[in-house]
Structure formats: structure tokens, C-alpha cells
Amino acid sequence: MTYQPTALEDAAAAPVASSDGLVGAFERQPHPAPASTEEREAKMAKMLFGKDYSDYQAHATWTVEAGWHNKVIEPYGPFDMDPAAAVLHYGQEIFEGLKAYRHEDGSIWTFRPTYNAARLNHSGRRLAIPELSHEDFIASIVGLVRADSEWVPDVPGSSFYLRPFTFASEPFLGVRAAERYEYLVIGSPSGPYFEHGFQPINVWVEPTYHRAGPGGMGDAKTGGNYASSLLPKVKAHEGGYDEVLFLDAATDTNLDELGGMNVFVVMADGSLKTPKLTGNILPGCTRSSILQLLRTQGKPVSEETISLKWLLDGIASGAVAEMFACGTAAVVTSIGSLTGKDFHVEIPGSEVTKNLYDHLTAIQLGQVPDDFNWLYRLA
Ligand SMILES: *Cc1c(COP(=O)(O)O)cnc(C)c1O
């Protein structure tokens with residue numbers, strides 16, 4: 001059976017103008033007080049994920065009358081927001097996450113940005129948030145990264161994490177889709193996502209709470225899904241676990257995903273499986289990239305319903321060799337154990353996982369040929 005690309009994969013394959021052609025779309029404002037070299041170097045030495053931010057941010061505003069306008073690259077920092085802004089009350093917000101990588105020759109690249117552009121609009125449709133053109137999405141990233149190029153690290157495993165997001169800023173407490181929105185991109189120099197590097201994580205299989213349910217917002221990248229995942233994550237941390245694996249809300253029997261990462265199962269026979277996109281699962285760019293890599297390599301890989309019972313039986317019998325989670329922030333990470341209300345299993349293998357990590361990061365860093373045309377030059 002030939003593989004049918006998803007709408008996001010189709011969008012991601014569409015050509016985009018070069019960064020030189022897009023850079024002017026967000027006008028750079030002067031910065032009165034950028035970080036000093038010492039300040040920047042102190043932050044770049046630590047690279048705490050999501051703690052330190054660069055000098056600039058991209059910003060645009062949407063109104064009914066003007067659409068998206070005031071597209072600027074402005075100094076990073078707080079801005080006025082009315083306490084009645086709709087996002088603070090009804091959570092009308094969507095976001096994206098992607099990275100800029102510095103290659104050996106100093107050039108700066110990002111990975112499948114049109115996938116993120118298309119997904120922002122996919123999420124926006126679910127939350128009744130106006131669409132942003134792919135050109136504007138990519139232009140905002142080009143503009144920010146060019147203004148902040150000194151913040152893009154060159155240490156192995158590091159990157160400049162980009163966080164585009166859109167939220168309802170209209171001051172109005174009536175319950176309806178807002179009539180004013182802000183779109184921003186902020187950037188944070190980031191070392192490897194997990195504190196201890198490539199180490200297997202211990203995962204709690206959540207018996208009570210769900211992150212999303214049928215007809216909800218599970219396939220939209222929105223703060224609300226994260227809000228619902230926080231209490232179970234707090235409890236899992238208290239129990240000594242790193243992450244939470246959520247089961248499907250309808251039957252409580254099948255694997256959905258982690259709070260912010262998709263999951264794969266590696267079989268002892270070399271084949272792989274991942275939960276199929278049900279509408280409750282976020283269609284990850286990393287998930288899509290891994291599926292494409294494996295299909296091209298001729299590895300048997302399927303998207304299917306994966307029941308927890310089947311998984312636990314497979315781990316017990318040895319039919320399941322590895323399990324991993326994947327997402328832009330962590331790339332690929334081994335799941336070393338699963339614990340639930342009445343079970344605990346160890347999953348010792350990590351060879352296939354490690355190879356995928358190495359392959360994907362080598363593509364992102366320009367160390368192997370970019371056969372899929374996934375890289376986009378920012379600067
Ligand atoms: C962002 C996200 C992922 C991973 O998506 P990538 O595009 O691979 O970064 C997975 N699950 C959830 C819930 C997410 O928000």
C-alpha cells in the first residue's frame with residue numbers, strides 16, 4: 001500500500017521563498033539596550049531550556065479591520081495587556097516549537113518550518129484563531145534569528161529554541177472568539193533538553209486523568225492540553241517519574257502520547273509501531289520525520305491502535321525491544337520503564353532509538369545529506 005501523506009506533510013513539502021526574500025516582512029526596530037557580550041556569554045554558558053531569552057521578539061497583531069499588521073522585530077520584553085484579555089479567561093491560545101541550528105560553517109538553519117506553519121493554522125482552526133500565512137510565519141523566524149544570530153549556540157546538542165504563539169488579546173469577557181490577537185515568536189538558547197543527556201526516562205502510565213478526549217483539542221497545539229496534563233505530571237514527579245503516558249479517554253485501554261511527545265514501540269523483529277492519529281494525538285513533526293525516514297529505509301513501520309495490554313504482554317515476552325518518545329525539544333528519548341497502578345516493567349533496549357536520534361540530529365546539523373529537503377536556511 002502506498003503511503004498517503006497527511007495534510008501537514010503535504011504543506012511541509014510546498015516550496016517557500018528563500019530567507020533573503022522574506023527577511024523584510026517583519027521590520028526590525030532599534031534596540032535601546034541589548035545584552036552586553038558578558039551578559040549574553042553568561043547565559044549561553046548555562047543554556048537552561050526556556051529560562052533565558054534573546055534580545056528580540058517577533059510580533060504582529062490581528063484585528064477584524066486590518067488582519068495581520070504591525071509586523072515587527074522588537075526588543076524582547078513585557079507589553080501592555082488588558083486584564084480582560086480573552087486569553088486570560090478562556091484560554092484561546094495556540095503555539096509552536098521549532099529550533100534553529102548552527103552548522104559547522106556558521107550558517108543557521110531550521111527544520112521543516114512549513115510543517116510548523118501549517119500546524120499553527122491547523123491548531124488555529126480548532127480554536128477559532130485567524131490563520132497566518134506560511135510566508136509571514138517563516139519571515140517572523142527569519143527576522144528574529146537574523147536579529148539574534150549571536151544567540152544561536154554552536155555547542156554540540158544545543159540550538160536556539162523558537163516559540164511562536166498566538167493568543168486572544170481583545171479585552172472582552174463575553175464568550176465568543178476574540179476580535180483581536182497577538183502573534184509572537186520568542187527564542188531561547190538551549191542545551192540538551194533532558195538534564196542528564198541521552199538517558200532513558202521512567203514513565204508513569206496515567207490511570208485517571210486524560211490530556212484530551214474525542215472531539216476535544218488533542219490534535220491542536222494549545223496551552224489548554226498542557227494545563228490538563230500538569231496535575232498528573234506533578235503527581236508523577238512526586239512518585240519519581242519523569243513523564244506521563246496518557247491513555248485514550250474513550251476506553252482507557254490504548255496509548256495516546258506523553259504530555260508533549262509522541263511515542264513509538266520498537267519490536268524485536270526490527271519493525272516499529274506508533275499510535276495512529278486519532279484526533280486526540282498531536283501530529284508531531286518529529287513523529288512524521290521518523291515515519292518518513294523508516295519508510296525510506298524499507299523498515300516495516302505502522303500507525304495503529306496500540307493497547308496497553310498488548311504492549312505489556314509484548315514487553316514480558318520479549319517481542320517489544322524498545323520504546324521511545326519523540327518531539328522537537330528532546331528529539332528522541334528512550335523510555336526505560338513503564339509504571340502504572342498495578343504494574344512495573346523495564347524496557348532495557350535503546351539501540352534503534354539511539355540510531356534514530358543520531359540520524360535525525362545529523363540531518364538537522366547538516367552532517368549528512370538532506371535527502372528530504374527538510375532544512376531551510378535562515379541566515
Ligand atoms: C509539540 C508536541 C509534540 C511533538 O511535536 P513535534 O512537532 O515533534 O515537536 C507531541 N505531543 C504534543 C502534545 C505536543 O504538544
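Analyst: What follows is a short exchange on the interface of domain 1 and domain 2. This is a predicted model, in which local features need pLDDT of at least 70, side-chain atom pairs count only at pLDDT 80 or more, and totals for chains, interfaces and linings use all residues. Residues are numbered from 1 along each chain as its sequence is written, and side-chain values use heavy atoms, with hydrogens and water left out.

User: What makes these two parts domains, and where do they lie?

Analyst: The bounds come from an automatic or database domain assignment, which gives domain 1 as 7-191 and domain 2 as 201-364. Their C-alpha centres are 27 Å apart.

User: How do you know how many residues of each domain are in contact?

Analyst: Contact means heavy atoms within 4.5 Å. By that rule, 21 residues of domain 1 are in contact with 22 residues of domain 2.

User: What is the area called buried between the domains?

Analyst: Buried area is the accessible area (1.4 Å probe) that two parts lose on being put together, summed over both. Here the value is about 1,900 Å², with 55% given by carbon and sulfur atoms. In domain 1, F95, F111 and R126 lose the most area to domain 2, together 29% of what that side buries.

Key
Polar contact = N/O pair within 3.5 Å; in protein donor to acceptor, adjacent residues only side chain to side chain.
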